[in-house]
Amino acid sequence: MRQIEIRKHEKSSAHTFKFFSRFFNWFFEKTSFMVNTPHNPTRMHLTRDELDTLVEICEDNGLLLFSDEVYRFGEYSANDLLPSATDLSETAVSLGVLSKPFGPPGLRIGWIATKSAKVMRKLEVFKDYTTICNSAPSEQLAILAIRNKEPILRRNRSI
Ligand SMILES: Cc1ncc(COP(=O)(O)O)c(C=O)c1O
């Protein structure tokens, strides 16, 4: 007969911290490089050359490049829009969100893009374990925002 161990669940910030530190160790099994470009809140961003160099350094050294691009599309000039890191590298992971450049933070809709099947599988497991799915009304409103991307971004860039 199989035995299970029942432990009391201690809900505390220490517990939450332990949970996330375990997640990070599991997710980022190899050394990773994290970058936030464009930067929130300054909107400072890498140049195309700098991004290419960063991708090359990470690939040459076996580093997982985690690129926080939540402010992508929020550049002061649309000409400064850089490719997503995941489009430049087989192993990079790009994080995006609707809340910053599109302006609906309450929807809690974002995305992670990567060509790495292994990383994607891990993310699926984590999503399943934590929040399972998005709110369907939020998804509908997110589609509306994305369909109206140009006027929304134009307005937000001018603020
Ligand atoms: C750099 C960066 N990444 C991610 C997030 C998370 O965005 P959200 O709260 O819309 O999920 C924020 C929020 O301020 C941020 O500044």
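Me: What percentage of the 159 residues in the chain do buried residues make up?

Reply: A residue is called buried if 20 or more other C-beta atoms, placed from the backbone, lie within 10 Å of its own, and in this chain of 159 residues the buried ones make up 23%. This is a predicted model, in which local features need pLDDT of at least 70 and side-chain atom pairs count only at pLDDT 80 or more, while totals for chains, interfaces and linings use all residues. Residues are numbered from 1 along each chain as its sequence is written.

Me: Where in the chain is confidence lowest, and where is it highest?

Reply: The quantity to read is pLDDT, the predictor's confidence in each residue, from 0 to 100. The chain averages a pLDDT of 88, and 91% of the residues score at least 70; the lowest mean, 74, belongs to helix α1 (residues 13-27), whereas helix α3 (residues 85-88) has the highest, at 98. Where pLDDT is low, the predicted coordinates should not be read in detail.

Me: How many helices and strands does the secondary structure of the chain come to?

Reply: Helices (H or I, at least four residues) and strands (E, at least two) are DSSP runs, numbered from the N terminus. Here there are six helices and four strands, and from the N terminus on they run α-β-α-β-α-β-β-α-α-α.

Me: What is the order of the strands in the open sheet?

Reply: Two strands are said to pair if DSSP finds at least two bridges between them. In this model the four strands form an open sheet in the order β1-β2-β3-β4, with mixed pairing, and its edge strands, each pairing on one side only, are β1 (32-36) and β4 (110-114). Between β1 and β2 the pairing is parallel and covers five bridges, with Phe66 in β2 as the bridge partner of Met34.

Me: Which residues make up the largest nonpolar core?

Reply: A nonpolar core is a set of buried Ala, Val, Leu, Ile, Met, Phe, Trp, Tyr and Cys residues joined through C-beta atoms within 7 Å. The largest one has twelve residues: Leu51, Leu54, Val55, Cys58, Leu64, Leu65, Phe66, Leu82, Ala85, Ala92, Val93 and Val119. The elements giving two or more residues to this core are α2 (48-60) and β2 (64-68), and α2 gives the most, with four.

Me: With which residues is Val55 in contact, leaving aside its neighbours within four places in sequence?

Reply: Two residues are in contact if their C-beta atoms, placed from the backbone, lie within 7 Å. With those neighbours set aside, the contacts of Val55 are Leu65, Ala85, Leu88, Ser89 and Ala92.
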